[in-house]
Amino acid sequence: MNSPNVLDDGPSDYQKARIPASEFETRDDYLDHELKIFSPRRWKLNLPGRDFSFEWEDLVPALAGTIGITVMFSAVISAYAAGFGLDQAFVIENVRLELMVSATLFVILVSGFLNPRANLAGNHGPMIPLIGMIAASGGHPLALGIMIGIFGMALSLSKGGSKLVNLTSHGVSGGLLIYLGAIGVLSQLGQFKDWAIANGVGPVFIVVLMVTTVVYAYLAKIRKRWMAIPVCSGLALVISLAMGAPFEFVTSPGLPSFNPMYWWGETTGWKLGLPDLSHFIAVTPFAILAVGMWSPDFLGHRVFQELNYPKEAKNALMDVDDTMTSVSLRQATASIIGGGNVSSSWGTFMIPSAIAKRPIPGGAILTGVFCILLAVTGYPMDLTVWRPIMCIALLVGVFMPLLEAGIQMVKDNQGAETAGICILGSAVVNPVFGWALTMLLDNNGLIGNAERKNTLGIADRIIIPGAAFTLCTISMLLVGMIPGIPALL
């Protein structure tokens, strides 16, 4: 695995500390050791062999991340297309653009080589249900992308993201993860069932789910759960086709346009023209809301690393503020070029990567390569958005692990109380409201551990949580996300 050292005279600390896998009793012991000695250079060039290695386990998060991000990109662009009256050909080309921009400029370059502690900049899943509302309210994808980039950089440079994560107790985190996991599971099951019935292959739903449940349980038992996405998605493909589920390849090889004026022309691309001041005003609440949801989103991804990595592997944990910087830059850059994705930390990569006990860079580089190949060839995109594969990939790769991690974090009655309030607030309004409200109550001893407030200063108890709750609530009031209250904007 070691490559010639082209920048330094001697071997790096990582090279000196490496021990061959054959000298460890188990594969897990070797992977734990690799995590402990991982010490990347922040915003400097990191090289394979000198600063990190490739292992075959890196293929799993790379494959899972590629499948997951293609599904999520397609969901966002399809929602925009429905609101603006654009066809499926537009959706495919814009997804291709997003894949190419993400892979070349940020996945490979940033997370692979320049800052391997920044998680990959991916998709903001919780914002998908709001895309139709953004289009209907006069929002413009370019204006939204620029505003998210500006707000995100402000939060990153002020270290506000990591501060919010540190102020979130295990009870709050557990409740948030349980809610997100449960809602995701129920949503995917419902979509898969409806698809199977609509296509006249109802039995496919129950057979695929039964096989998936057994295989997922077995993989968890033998501690190979990180293989769940490729194994279970492959089984879903084979079983569904064998039982007569309809499928055909329709996307041919090609490259998208990289000309911003094509995408933001009045008669080409989005057919919207360039945004004006009214467009920026219309998207501001949505941009605030998107950035406000980054902290709990990032928290959920980092938690998986903390649960699966050895305690000594501090340098392998994703840096929240650096990830926010990367996500903010990726959001603004892709939007200016012509993309419609709403960015966040890449969960379908990080979750299997953490379970597989791998640091970020090796998997990031492979993910970028896979995304480029997928965008260029075209045909595999049809597989990743096919309902049986898409639902199973999201179930076993994202939502079930979220649910399990949340349950693990609730360790006592006080944590259960806090988690319950978080779940209730999330169900009444949305996960952002539940997170912000519960963090404010928990840090002031009104729920959960009453002694917690004694360990926090006034800024950590009132000012920061209060500002987070107020900002989130106001933005949701403006866009009509508080049940029973019409949009104020």
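Modeller: The largest pocket holds about 1,000 Å³ of space. A pocket is an open set of points on a 1 Å grid over the protein atoms alone, with protein on both sides within 12 Å along at least five of seven lines, and lining residues have an atom within 4 Å of a point. Grid points are joined across faces, edges and corners, and a volume is the space filled by probe spheres set on the points.

Biologist: Which residues lie closest to the centre of the largest pocket?

Modeller: This is a predicted model, in which local features need pLDDT of at least 70 and side-chain atom pairs count only at pLDDT 80 or more, while totals for chains, interfaces and linings use all residues. Residues are numbered from 1 along each chain as its sequence is written, and side-chain values use heavy atoms, with hydrogens and water left out. The lining has 41 residues, and those closest to the centre are Met-72, Gly-125, Pro-126, Ile-128 and Phe-399.

Biologist: Which helix gives the most to the lining of the largest pocket?

Modeller: Helices are DSSP runs (H or I, at least four residues), numbered from the N terminus. Those that give two or more residues are helix 3 (59–84), helix 8 (170–198), helix 13 (294–308), helix 15 (347–355) and helix 18 (387–409). The top contribution, 8 residues, is that of helix 8.

Biologist: How many residues of the second largest pocket's lining are charged?

Modeller: This pocket has a volume of about 370 Å³, and 22 residues line it. Asp, Glu, Lys and Arg count as charged; Ala, Val, Leu, Ile, Met, Phe, Trp, Tyr, Cys and Pro as nonpolar; and the others, Gly among them, as polar. Beside 9 nonpolar and 6 polar residues, the charged ones number 7.

Biologist: Is Ala-316 buried or exposed?

Modeller: Ala-316 is in the loop between helix 13 and helix 14. Leaving out residues up to four places away in sequence, Ala-316 touches Leu-35, Phe-38, Gln-305 and Tyr-309, where contact means heavy atoms within 4.5 Å. Buried means under 20% relative accessible area, exposed over 50%, and partly exposed in between (1.4 Å probe, protein chains only). Because its relative accessibility is 1%, Ala-316 counts as buried.

Biologist: What is the relative accessibility of Asp-460?

Modeller: Asp-460 lies in helix 21 (residues 458–479). Beyond its neighbours within four places in sequence, Asp-460 is in contact with Lys-163, Leu-167, Asn-443 and Pro-465. Asp-460 counts as buried because its relative accessibility is 16%.

How values were computed
1 Å grid on protein atoms, 1.4 Å probe; cavity = no way out; pocket = protein on both sides within 12 Å on 5 of 7 lines; lining within 4 Å.
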